[in-house]
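Let's take a guided walk through this model together. Have the sequence and the 3D view open side by side, and follow along one stop at a time.

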Amino acid sequence: MKKIACILITTTLLTSCGSLFSGDGGELVGVRSAAINEPSPHGMVLVKRGSFRMGPAEQDSLWGFNSETKGVSFESFWMDATEVTNAKYRQFVYWVRDSIIRERLADPAYGGNELFKITEDRYGDPVTPYLDWKRPIPWRRASEEEQLAIESVYYTHPVTGERSLDKRQMLYRYEWFDYTAEALRRNQLDPYARERNTDITIDPNAVIMISKDTAYIDVNGNVVNETITRPLSSEFDFLNTYIINIYPDESSWVNDFKNAYNEPYLRLYFEHPGYDDYPVVGVSWEQASAFCVWRTDYYKRESSLPAGIVIEPFRLPTEGEWEYAARAGNSENKFPWANSIADEQLCFMANFKPGDGNYTEDGHLITSRVASFPPNEFGLYDMAGNVAEWTSSIYTESGQSQTSDLNPDLHYNAAKDDPYAMKKKVVRGGSWKDVAQFIRSDMRTFEYQNETRSYIGFRCVRTQVGFSNVKGKKK
């Protein structure tokens with residue numbers, strides 16, 4: 001009987017699904033997906049879609065600015081209201097740390113029990129709970145084997161005896177699928193889909209070479225990131241793998257400034273709670289990109305969105321998005337604020353270097369707490385000064401002249417063996433060490449993607465799609 005009932009139900013659905021599901025009376029009304037009202041991302045500001053003229057607001061022969069502008073338009077996107085702070089980036093580092101510990105706790109050499117949570121008591125000592133699904137989890141001190149796993153990610157300096165996280169072990173492995181490369185016509189798996197011109201004879205045996213990034217740890221424990229080129233064979237040819245050490249380069253405070261006593265920042269800036277709300281620095285473009293991937297995965301795991309919902313990933317802003325957001329969509333603004341601000345008032349607007357050897361007139365010596373200065377009209381803080389910021393765009397002298405006027409971006413995924421000059425990424429906004437001319441929103445510069453600086457940080461964006469919004473400034 002059950003089998004007959006199933007067949008009857010299936011037949012009903014197949015023969016009358018149009019009227020059964022839509023009640024359309026034979027009219028074409030479309031099939032709609034369930035609407036999901038995704039909440040506003042925490043700590044982000046919506047930059048509404050719009051257009052402006054990208055490029056230097058005025059000619060400046062002294063600084064080499066050419067007033068070549070280009071009209072461009074952007075889709076709406078969410079942008080971090082502030083730069084990513086030490087506290088937020090530290091959450092990434094500690095997640096990697098805990099992941100390493102969890103893997104080792106599954107190893108019989110460390111006790112062989114992977115089903116418990118790691119935390120610390122109020123004295124900073126590691127403790128773990130017994131798992132008991134019938135009552136609240138009581139806590140117990142870690143066993144000797146478990147303690148061994150926890151201690152394995154820490155390092156004790158052989159001379160000073162100082163105990164700290166072992167930076168060398170903070171390796172994050174992630175995969176990134178290149179949707180753009182997969183969509184290119186020349187990269188279609190079906191050879192007959194690569195050419196629309198019917199006058200051209202298709203060679204079904206044509207070999208299409210694809211380059212992709214891959215990473216692994218060799219027998220000596222060394223991380224190997226490399227670019228391989230091979231014939232196109234499957235969708236996996238567009239899947240790139242990376243292993244990145246994500247711990248910030250604290251030594252940048254010393255290497256950026258010769259003959260300067262910056263040792264306190266070297267030892268304290270990233271880990272000391274007094275700097276929790278300061279922008280993270282010493283992070284390369286590669287590390288910032290890895291953070292965006294981790295943040296996306298973390299959001300998918302921890303958010304309450306229904307399973308299977310596809311969300312736009314967190315990412316670095318394109319150069320165009322960054323400039324549009326910094327200038328609040330106003331092509332006349334040289335800075336994130338109105339041009340009517342007098343030069344002597346700039347110290348009330350941003351953290352920068354007001355004069356020769358004078359870092360403190362704005363109240364700060366190095367970086368400042370994020371949001372210490374007023375936001376621009378879009379509600380974004382520190383878009384000038386404090387720290388310069390990575391973008392996703394490759395740097396070329398020609399700038400925006402090579403890009404589309406629709407969501408402009410010049411992106412290039414440099415191969416490991418590419419010339420170093422091809423690994424320049426656009427940096428925007430100027431920093432605490434720069435004079436006023438270099439914190440202009442229409443000023444562009446660059447840094448190499450694997451370089452770390454004590455004056456470069458970043459913030460994330462996420463594209464907002466499928467929602468209509470009225471053009472205008474943030475209320």
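Which residue in E17 does alanine 388 stand opposite? The residue facing alanine 388 is isoleucine 456. Before going further, please keep in mind that this is a predicted model.

That pair belongs to a wider arrangement. E14 and E17 run parallel to one another, and two bridges pair them. Together with two further strands they make an open sheet of mixed pairing, ordered E16-E15-E14-E17. At its edges are strand E16 (444-448) and strand E17 (456-457); each has a single partner strand, so one side of each is left without a neighbour in the sheet.

Now turn to the pairing between E14 and E15. Strand E14, residues 388-394, is antiparallel to strand E15, residues 424-428, and three bridges hold the pairing.

Is glutamate 319 buried or exposed? Its relative accessibility is 7%, and because buried means under 20%, glutamate 319 counts as buried. Leaving aside residues up to four places away in sequence, glutamate 319 touches Met54, Thr391, Ser393, Val426, Arg428 and Arg444. With arginine 444, the side chain of glutamate 319 makes a polar contact of 2.6 Å.

Let's move on to the helices. Helix H2 covers residues 86-105, 20 residues in total, and spans 28 Å from its first C-alpha to its last, close to the 28 Å expected at 1.5 Å a residue. Its buried residues include Asn86, Tyr89, Arg90, Phe92, Val93 and Val96. Further along H2, Ile100, Ile101 and Leu105 are among the buried ones too. As a reminder when you look down a helix, an α-helix has 3.6 residues a turn, so residues three or four places apart point the same way.

How does H2 meet its neighbour? Two packed helices are described by the angle between their axes and the distance between the axes. For H2 and helix H3 (residues 144-151), the axes come within 9 Å and cross at roughly 145 degrees. The crossing of H2 and H3 is right-handed. At the meeting point, H2 contributes Ile101, Arg104 and Leu105, and H3 contributes Glu146, Ala149 and Ile150.

One more local stop is proline 264, in helix H6 (residues 263-268). Proline 264 has 27% relative accessibility and counts as partly exposed. Its C-alpha is 9.2 Å from that of tryptophan 253, a residue 11 places away along the chain.

Finally, step back to view the whole chain. The protein chain holds eight helices and 18 strands. Of its 475 residues, 43% are buried. Among contacts between residues at least 6 apart in sequence, 68% join residues at least 24 apart.

Key. Residues numbered from 1 in each chain as written. Predicted model: local features only at pLDDT ≥ 70, side-chain atom pairs only at ≥ 80, totals over all residues. Heavy atoms only, no water. Pairing = 2+ DSSP bridges. Helix = DSSP H or I, 4+ residues; strand = E, 2+ residues; numbered from the N terminus. Buried < 20%, exposed > 50% of the residue type's maximum accessible area, 1.4 Å probe, protein only. Polar contact = N/O pair within 3.5 Å; in protein donor to acceptor, adjacent residues only side chain to side chain. Contact = heavy atoms within 4.5 Å. Expected span 1.5 Å × (residues − 1). Axes fitted to C-alpha atoms, helices over the stretch in contact; angles between N-to-C directions. Left-handed = near helix turned anticlockwise from the far one by under 90°.
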